[in-house]
Amino acid sequence: MSATSAVRPDHVAVLCGVGGHLPRHRVGNDELAARLDTDDAWIRTRTGIRFRHLAAPHEATSDLAVAAGRRALANSGTARADAVVVATTTPDRSCPATAPLVAARLGLSGAAAFDIGAVCTGFVYALAAGAGLITSGVAARVLVIGADVYSRIVDPADRQNAVVFGDGAGAVVLRDGHADEPGALGSFDLGSDGDHEDMITVAAGGSRLPADPSRTERHFAMRGKEVYRHALTRMTDSARTVLDRSGLTVDDVDRFVPHQANLRILRTVATDLGLPADRCATHVERAGNTGAASIPLALTDDHANRLLRPGHQVLLTAFGGGLTWGSCLLTWPDLPPAAAPAHHEQEFAP
């Protein structure tokens, strides 16, 4: 199913399926407190996180992505897609990309498939790329996946980061449609600032500094206080930009789904935008910061719990390393019921 182009300027991408997956192993704060100089109250006060899920030694990013992708395709009512876009900071290998393997395991060999690396903003960037494939005529249906296994790059002895990050994958299916349809993606805002690339890094493993098991630079590093300030400003400004482009105000937003960095950040951004707390999706308490997976996991969780209703105006926003940021508006469609993100062992069968 090779991709060809036939521009359809009057067409837009329409969301028509969601799915998520979390690994079986759930780690509570008390388990981390037993080996780190911390406790449950310290973690919850600073992050809002109670649990996170960690991949088993045999599980890679592609395994989680396949499980989430399969669920999203099932929710969309078809196993077909013309393209697969995987947003991840933790690909199975530095070469090749993870997306072609994911596509093949989902029975989509021949589909266009590529990875996007924008750290925690990755899903919004991937969503924009998927929408572009549809409006340009390259694809009629696109599977967009955010998947990360942060437990492979975070130092387990790093108290600041080990308590924050978890592993998981979330996915959506986009199809060719029209702007007045429920599920239609609206305006996007994307941005970056490479002058601050050293604020969120895994320094070793690329062409600048090759991987070496003895290097501490192989682990994820983040300057938390600076990231916090930038995240608040960039997410808030980006969300306002996309509302302005759409001719909407915060009063028109029915559901706010920010990147689930930590509870303090997402609630502060909602407050700065003037959105009440009950309109803000929060999945971070049960999964931690799952990177590019966090927004599609939150969407799947909200849909499963009937917090998203057909016709809802949904505002997405994210911030990540690069630095990168992005936002998007969409109208929520009428989707079949979906299970909340969970482990299903049979999804890993060859």
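Which element gives the largest share of the lining of the second largest pocket? Helix H7 does, with 5 residues, where helices (H or I, at least four residues) and strands (E, at least two) are DSSP runs, numbered from the N terminus.

The structure is a predicted model, in which local features need pLDDT of at least 70 and side-chain atom pairs count only at pLDDT 80 or more, while totals for chains, interfaces and linings use all residues. Residues are numbered from 1 along each chain as its sequence is written, and side-chain values use heavy atoms, with hydrogens and water left out.

**Pockets**

A pocket is, on a 1 Å grid over the protein atoms alone, an open set of points where a 1.4 Å probe fits, with protein on both sides within 12 Å along at least five of seven lines, and its lining residues have an atom within 4 Å of a point. Grid points are joined across faces, edges and corners, and a volume is the space filled by probe spheres set on the points. The largest pocket has a volume of about 980 Å³, and of the 35 residues that line it, Thr 89, Val 202, Ala 204, Gly 205 and Gly 206 lie nearest its centre. Strand E5 (112-116) and strand E9 (200-201) are the elements that give two or more residues to this lining. The lining of the largest pocket divides into 13 nonpolar, 13 polar and 9 charged residues, where Ala, Val, Leu, Ile, Met, Phe, Trp, Tyr, Cys and Pro count as nonpolar, Asp, Glu, Lys and Arg as charged, and the others, Gly among them, as polar.

The second largest pocket holds about 620 Å³ of space; 29 residues line it, and Met 222, Gly 224, Lys 225, Tyr 228 and Asn 262 are the closest to its centre. Its lining comprises 16 nonpolar, 9 polar and 4 charged residues.

**Helices**

| Helix | Length | End-to-end C-alpha distance | Expected span |
|---|---|---|---|
| H5 (122-135) | 14 residues | 20 Å | 20 Å |
| H7 (224-246) | 23 residues | 32 Å | 33 Å |

Burial here means under 20% relative accessible area (1.4 Å probe, protein chains only). In H3, 14 of the 16 residues are buried, so this helix is largely enclosed by the rest of the structure. The buried residues of H5 include Phe 123, Leu 127 and Ile 134, and those of H7 include Val 227, Leu 232, Met 235 and Val 242.

**Nonpolar cores**

A nonpolar core is a set of buried Ala, Val, Leu, Ile, Met, Phe, Trp, Tyr and Cys residues joined through side-chain atoms within 4.5 Å. The largest has 43 residues, of which Tyr 150, Phe 256, Leu 273, Leu 315 and Phe 319 touch the most other members. H2, H7, H8, E12 and strand E13 (324-331) give two or more residues to this core, and H7 gives the most, with 7 residues. A second, separate core of 37 residues includes Ala 87, Ala 131, Leu 133 and Trp 332.

Definitions and conventions:
Expected span 1.5 Å × (residues − 1). Buried < 20%, exposed > 50% of the residue type's maximum accessible area, 1.4 Å probe, protein only.
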